[in-house]
Amino acid sequence: MTTVTSAADGTVVSIHYTLRDDDGDVVDSSVGNDPLDYLHGASNIVPGLEAAMTGKQVGDKFKVTVTPADGYGEVEGPGPRPVPRSAFPDDLEIEAGMQFFVRGPDGEPFPVWVADLQGDDVLVDSNHPLAGETLHFEVEVMSIRAATSEEIEHGHPHGPDGHGGHHH
Ligand code: ZN
């Protein structure tokens, strides 16, 4: 396997990150958990962060501010719409922020998020919960390695050595 030292297309990059909103509140963070592994160039992470990652090296620490357009998008569409709770599996615990995939008119899956729960309805929105938000990332690059051909084919990383228990 080729040795790589900087984040580029076809590398699996492991990062620790903390994401804050405009108020400085922590929205998400890997710190204290496993770092996030992603395949560079495969849109595993938001475009603004991926662009900022390009060329970064192990040990680099940096901050980047990402606009909604380069993050989770602007808020669009009609907003949350109610779906009967009975349309979801009984044994599934549904909470705000959960992501589901539904099929569009052409059969293509697209993501929706649970915005809220209201009586017997689940309010579902096509907007990511962070749509419209400016994202403030603080990142530390933990490791970088060449992706396997299988990972590139799948468009995502497969565990620390590229062969983690993942089949699909
Ligand atoms: Zn895979």
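Q: What is the relative accessibility of Arg20, and how does Arg20 count on that scale?
A: Arg20 counts as partly exposed, because its relative accessibility is 29%. On this scale buried means under 20% relative accessible area, exposed means over 50%, and partly exposed lies in between, with a 1.4 Å probe and protein chains only. The model is a predicted one, in which local features need pLDDT of at least 70 and side-chain atom pairs count only at pLDDT 80 or more, while totals for chains, interfaces and linings use all residues. Residues are numbered from 1 along each chain as its sequence is written, and side-chain values use heavy atoms, with hydrogens and water left out.

Q: Which side chain does Arg20 meet in a salt bridge?
A: Arg20 meets the side chain of Glu138, with 2.9 Å from N to O; a salt bridge here is a side-chain nitrogen of Lys or Arg within 4 Å of a carboxyl oxygen of Asp or Glu. The pair links distant parts of the chain, since Arg20 sits in strand β1 and Glu138 in strand β9 (residues 135-146), 118 residues apart. Strands (E, at least two residues) and helices (H or I, at least four) are DSSP runs that are numbered from the N terminus. Glu138 also counts as partly exposed, because its relative accessibility is 34%.

Q: And how many salt bridges does the count come to?
A: The count comes to two. One of them joins the side chains of Glu151 and Arg145, again given as 2.9 Å from N to O, and both Glu151 and Arg145 are buried.

Q: Stepping back, how many helices and strands are there in the chain?
A: The chain has two helices and nine strands, and from the N terminus on they follow the order β-β-β-α-β-β-β-β-β-β-α. Along its principal axes, the C-alpha trace spans about 55 × 40 × 30 Å, and buried residues make up 36% of the 168 residues.

Q: What domains is the chain divided into?
A: Domain 1 covers 11-72 + 132-154, and domain 2 covers 81-125; these bounds come from an automatic or database domain assignment. Taken over C-alpha atoms, the centres of domain 1 and domain 2 are separated by 27 Å.

Q: Okay, what about the largest nonpolar core, how many residues does it have?
A: It has 20 residues, and those with the most contacts inside it are Val13, Ile15, Leu49, Met53, Phe137 and Val139. The elements that give two or more residues to this core are β1, α1 (47-53), β4 (61-66) and β9, and β9 gives the most, with five residues. A nonpolar core is a set of buried Ala, Val, Leu, Ile, Met, Phe, Trp, Tyr and Cys residues joined through side-chain atoms within 4.5 Å.

Q: Where is Phe62 placed?
A: Phe62 is in strand β4, and it counts as buried because its relative accessible area is 12%. The C-alpha atoms of Phe62 and Val139 are 5.4 Å from each other, although the two residues are 77 residues apart along the chain.

Q: Changing topic, how much space lies in the largest pocket?
A: About 290 Å³ lies in it, where a volume is the space filled by probe spheres set on grid points that are joined across faces, edges and corners. The pocket is lined by 13 residues, of which Tyr17, Leu19, Asp28, Leu36 and Tyr72 lie nearest its centre. The elements that give two or more residues to this lining are β1 (11-20) and β2 (26-29). On a 1 Å grid over the protein atoms alone, with a 1.4 Å probe, a pocket is an open set of points with protein on both sides within 12 Å along at least five of seven lines, and lining residues have an atom within 4 Å of a point.

Q: Last one, what is phi of Ser43?
A: Phi of Ser43 is near 60 degrees, a positive value in a residue other than glycine. Most residues other than glycine have a negative phi. Ser43 is found in the loop between β3 (36-39) and α1, and it counts as exposed because its relative accessibility is 59%.
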